[in-house]
Amino acid sequence: MADQQRSVSVSNLVKRFGSFVAVDHITFEARAGEVFGFLGPNGSGKSTTIRILCGLLRPTSGEAYVAGLSVAAQPELIRRRIGYMSQKFSLYNDLTVVENVRFFAGMYNVAGDELRRRLAWVLEMAGLAGREHSLTATLSGGWKQRLALGCAILHRPPIVFLDEPTSGVDPLARRRFWELIQQLRSDGVTVFVTTHYMDEAEYCNRLALIHRGRLIALGTPAQLKQSALSGDLLLVEAIPLGTALEVIRRLPTVRDAAVFGNALHVVVSDVESGGERLLGELTARGLAGVRIQRIQPGLEDAFVALTGQKRENKEVIDPKSL
Amino acid sequence: MDRQLSAEIEVSGLRKSFDKLLAVSDLSFAAGAGQIFGLVGPDGAGKSTTIRMLAGILPPDAGEIRVAGCDVVADPESVKSVISYMPQRFGLYEDLTVDENIRFYADLFGVARRRREQRSEELLEACAMNEFRRRLAGKLSGGMKQKLGLVCALIHTPRVLLLDEPTTGVDPVSRREFWAMLYALLDEDVTILVSTSYLDEAERCHRLALLHQGRLLICDRPDNLRARMTRTVLSIVSPHAGEIRKVLVAVEGISDAIVVGDSVHVFVDDASLRQSKIQPLLDRAMVPYAAIEQVPPTIEDFFVDVLARGGYRGWQTSSDQ
């Protein structure tokens, strides 16, 4: 299949609700056959963008092509070429497993031999063989989730949208789910994921971060982690931790400091001088058990750094953006 | 070293069934005063049921619960004045403003007016919500609603704070502010029990109880849990992560290989496999890779490790020392 038919391409997309700009000139591309993560805080314009891409909402201006189709001109065709699975498992709890599959098959016009093949595939993929006639309500989170994925891709769409796909399922089921996603990907399917959870974002090949309607970062998880922090991240242990935090916050080389369980995460402008200085100050203040080590920033550190710089009153509309 | 001098929450042999479903089974743990204790597990692990029993609103079938010196099973009412319980869906009045919601909860807990004003000022300041005091609660974002819920739950300075999945659906920035508020509360000697289904969040707690299907898998400090992980995690960065997984997944000594973005996380029994097996195999298969490095295991890695080795059997609560 041509790459264009498997990709999501957005250019200068804008969506206004009255005077509020929910999506503000965003441009990106989810390439054919990649797992693309779309991240952003609550109210950032993320859901609005997804709804536009799924053909549920018309953009104010700009272009978006999904599977080679224009979201503005051919929204109803798009819905047949994508799969959509939300965190709320769009399954009918009072139907059995097979009834749910048949329901979605009807919606997507999957019938006859193809339906038989796809039903068998869903049961095998989800590990539901022998449970065909169980009520969906009685299934565990992991089973429901895999069944929901199966129903969402019965019609073999080239692009799948996943909205916080693994929230609340156990870690084993979650790993299994991501293995399925990787299989889809190796079959050439493009996967578009939205999530608030950074460990889920790690599974993506590339990430876009949207904030106040604007795209503020785009790259691989490793790239975002490297570029986001304007300094080095240190893990600092000391007793008592509260005093350590007070001391550290007053140092000029410290950009940011926050409690993280039994330790502090401290961002310093330069690890060489910053680390020494920290150690000196904490020891001089008589704190016990002082240990400082440099650690790699996580995606969450990157996310907070990137959105935090531009934050302040995130819910107040910026007059300049109007 | 650990702030585990006295237990503020003590649970032993706790059990609760709903019809045929055993929601909580033989659960025992203790949370030290002035700590953040995490109840961690997927949906259906028994987290909410446990918290509701701790709050004295759901009687257990068996077991003992002591919270802030109160015997919750014998006298569930006794605990209510010293705790604050924030359920998953905290009862905010959407058609009242932020200030009005706070006043409502302050009245409910009998907080005097001056105390209320001072405290709500401090709390709203701490969560960067002072400027939204006149906004209707229904018009707040998800993260802000959670923060307002916490402000309401804290208006009476409880000894023990019980939070049921407070950050579900909340973005990382709001989540960090929320946690900063929790850490600040420790200075007031509040003990906090928080449940979450997200294992990355578990790292922020002082101690954790990992629950699965109503049972305790293990209870310990996050760093100790990671140290107990018997396997080493190697990360192989490559644009051909899927192929690398196929090459390595069935190799002896490798228990699992999972594709994580542009890398494969390989779980090995012994780190020396890197030179002796992994590199030769990849070279022979001619799959290009950028680097192989050892990465620290996460709590999720540990959780999966325990479950894969047969679940809770053989694991017990560790002592704190």
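Trainee: Of the contacts in chain A with a separation of 6 or more, what percentage is accounted for by residues 24 or more positions apart?

Mentor: Please bear in mind that this is a predicted model. Chain A comprises 11 helices and 14 strands, and its C-alpha atoms fill a box of roughly 80 × 50 × 35 Å along the principal axes. Among contacts in chain A with a separation of 6 or more, the share from residues 24 or more positions apart is 69%.

Trainee: What percentage of the residues in chain A is buried?

Mentor: The count runs over the 322 residues in chain A. A residue is taken as buried if 20 or more other C-beta atoms lie within 10 Å of its own. On that basis, the buried part of chain A is 46%.

Trainee: In what order do the four strands of the open sheet in chain A lie?

Mentor: Strand E1 (residues 8-17) of chain A is joined to strand E4 (residues 61-66) of chain A by five bridges, and the two run antiparallel; A:Ser11, for instance, has A:Glu63 as its bridge partner in E4(A). E4(A) in turn pairs with strand E5 (residues 69-70) of chain A in the antiparallel sense over two bridges. The edge strands, each pairing on one side only, are strand E2 (20-30) and E5 of chain A. The order in the open sheet of chain A is therefore E2-E1-E4-E5.

Trainee: Which residue in the turn of the hairpin formed by E4(A) and E5(A) has a positive phi?

Mentor: The hairpin has two residues between its strands, and A:Val66 is bridged to A:Leu69 in E5(A). Most residues other than glycine have a negative phi. In the loop between E4 and E5 of chain A, a residue other than glycine has a phi near 55 degrees. That residue is A:Ala67.

Trainee: Is A:Ala67 buried or exposed?

Mentor: The cut-off for a buried residue is 20 or more other C-beta atoms within 10 Å. A:Ala67 has 22 such atoms within 10 Å, so A:Ala67 is buried.

Trainee: How is A:Glu164 classed by the number of other C-beta atoms within 10 Å?

Mentor: A:Glu164 lies in the loop between strand E7 (159-163) and helix H6 (171-186) of chain A, and has a positive phi of about 40 degrees although it is not a glycine. With 18 other C-beta atoms within 10 Å, A:Glu164 is therefore partly exposed.

Trainee: Which peptide bond is cis, with omega near -5 degrees?

Mentor: Most peptide bonds are trans. The proline concerned, A:Pro240, is placed in the loop between strand E11 (232-239) and helix H9 (241-249) of chain A. The cis bond runs from A:Ile239 to A:Pro240.

Trainee: How many nonpolar residues has the contact of H8(B) with H9(B)?

Mentor: Helix H8 (residues 241-248) of chain B and helix H9 (residues 273-285) of chain B pack at about 120 degrees with their axes 10 Å apart, which means that H8(B) is oblique to H9(B). B:Ile244, B:Val247 and B:Leu248 in H8(B) meet B:Ile278, B:Leu281, B:Leu282 and B:Ala285 in H9(B). The contact has no polar and no charged residues, and its nonpolar residues number seven.

Trainee: Which element gives the most residues to the side of chain B that touches chain A?

Mentor: In the contact between the chains, 39 residues of chain B meet 39 residues of chain A. Elements giving two or more residues to that side of chain B include helix H4 (142-153), helix H5 (172-186) and helix H10 (299-308) of chain B. With six residues, the element that gives the most is H5(B).

Methods: Residues are numbered from 1 along each chain as its sequence is written. Chains are lettered from A and ligands numbered from 1 in the order in which they are written. This is a predicted model: local features need pLDDT of at least 70, side-chain atom pairs count only at pLDDT 80 or more; totals for chains, interfaces and linings use all residues. Two residues are in contact if their C-beta atoms, placed from the backbone, lie within 7 Å. Axes are lines fitted to C-alpha atoms, for helices over the stretch in contact, and angles run from 0 to 180 degrees between N-to-C directions. Angles under 35 degrees count as roughly parallel, over 145 as roughly antiparallel, 65 to 115 as roughly perpendicular and the rest as oblique. Ala, Val, Leu, Ile, Met, Phe, Trp, Tyr, Cys and Pro count as nonpolar, Asp, Glu, Lys and Arg as charged, and the others, Gly among them, as polar. A residue is buried if 20 or more other C-beta atoms lie within 10 Å of its own, exposed if 12 or fewer, and partly exposed in between; C-beta atoms are placed from the backbone.
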